[in-house]
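Q: I'm new to this protein and would like to learn how to read it. Could you walk me through it, one feature at a time?

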Amino acid sequence: QKYLLDTTGQLLPLFGADFFENLANSNAQLSRAPVSDDYVIGPGDQLLIRVWGTTSLEAPVTVDRRGEIAFPRLGTLPLAGVKAAQLDAVVRQFLGRFFKDIEVSVAVSRLRRITVYAVGQARNPGSYALSSQATLTTALFASGGPSVAGSVRRVQLKRQGQVVAEFDLYAFLGRGDKTADLKLQDGD
């Protein structure tokens, strides 16, 4: 870029920089996306539990800070760490101790929020509240992508002070390779 500018006077745009222009709110779109079967339930997730058979129930519940949901007069059920695909079975097993011949359906109705930080050469560095399904590219979109001085070849994901992944945006833009596009955790 600098060589071309010095020799011809023309500024060569950074490949992929326009990818972050005029973006719709990708985090809002992600929050409406279906929850994957491997999504891990955690504090703050909201669930809708439906039960039918010998008893019927429809209850919106929120996983509390201890990672549990409460059923009045029945007790609490720990759900933190349970994958979305296992929710029906786990809740059915718990309620099956109190009710016979029931069917259970559990849906994740609202995802918890996580806080991630875009630092270094981000176009808009700062903290961002994202969906708990957010990935590294989600955070890049939220922060406007790398600044002109930033690198699109070495975007780093740091967790607890350690680099856990390096993402090459060229691989994503050129080939659609998202293998290093990891799910984020609170505090990344």
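Q: Which residues are linked with Asp 64 in a network of salt bridges?
A: Let's start with the general idea: side chains of opposite charge can pair when their charged atoms come close. Here, Asp 64 is linked with Arg 66 and Glu 68 in such a network. Do keep in mind that this is a predicted model.

Q: How many salt bridges are there by this rule?
A: The count comes to ten. One of them joins the side chains of Asp 45 and Arg 112, at 2.5 Å from N to O. This pair links distant parts of the chain, 67 residues apart: Asp 45 is in the loop between helix 2 and strand 1, and Arg 112 is in the loop between strand 5 and strand 6.

Q: Is Asp 45 buried or exposed?
A: Asp 45 counts as buried because its relative accessible area is 0%, and the cut-off for buried is under 20%.

Q: What does Arg 159 form a salt bridge with?
A: The partner is Asp 188, with the closest N and O atoms 2.8 Å apart. This is another link between distant parts of the chain: Arg 159 sits in strand 8, whereas Asp 188 belongs to the segment after helix 5, 29 residues apart. Arg 159 is buried at 19% relative accessibility, and Asp 188 is buried too, at 9%.

Q: What else is Arg 159 in contact with, leaving aside its neighbours within four places in sequence?
A: Besides Asp 188, the contacts are Val 164, Lys 183, Leu 184 and Gln 185. For Lys 183, a polar atom of the Arg 159 side chain lies 3.3 Å from the backbone oxygen.

Q: How many residues lie between strand 3 and strand 4 in their hairpin?
A: There are three, and Arg 73 in the turn has a positive phi of about 65°. The two strands pair in the antiparallel sense over four bridges, with Ile 69 opposite Leu 77.

Q: Which element has the lowest mean pLDDT?
A: That is helix 2, at 53, while helix 3 has the highest, at 97. The protein averages 87, and 90% of the residues score at least 70.

Definitions and conventions
Residues are numbered from 1 along each chain as its sequence is written. This is a predicted model: local features need pLDDT of at least 70, side-chain atom pairs count only at pLDDT 80 or more; totals for chains, interfaces and linings use all residues. Side-chain values use heavy atoms; hydrogens and water are left out. A polar contact is a pair of N or O atoms within 3.5 Å; within protein, one must be able to donate a hydrogen and the other to accept it, and residues adjacent in sequence count only if both atoms are side-chain atoms. Contact means heavy atoms within 4.5 Å. pLDDT is the predictor's confidence in each residue, from 0 to 100. Two strands pair if DSSP finds at least two bridges between them. A salt bridge is a side-chain nitrogen of Lys or Arg within 4 Å of a carboxyl oxygen of Asp or Glu. Buried means under 20% relative accessible area, exposed over 50%, partly exposed in between (1.4 Å probe, protein chains only).
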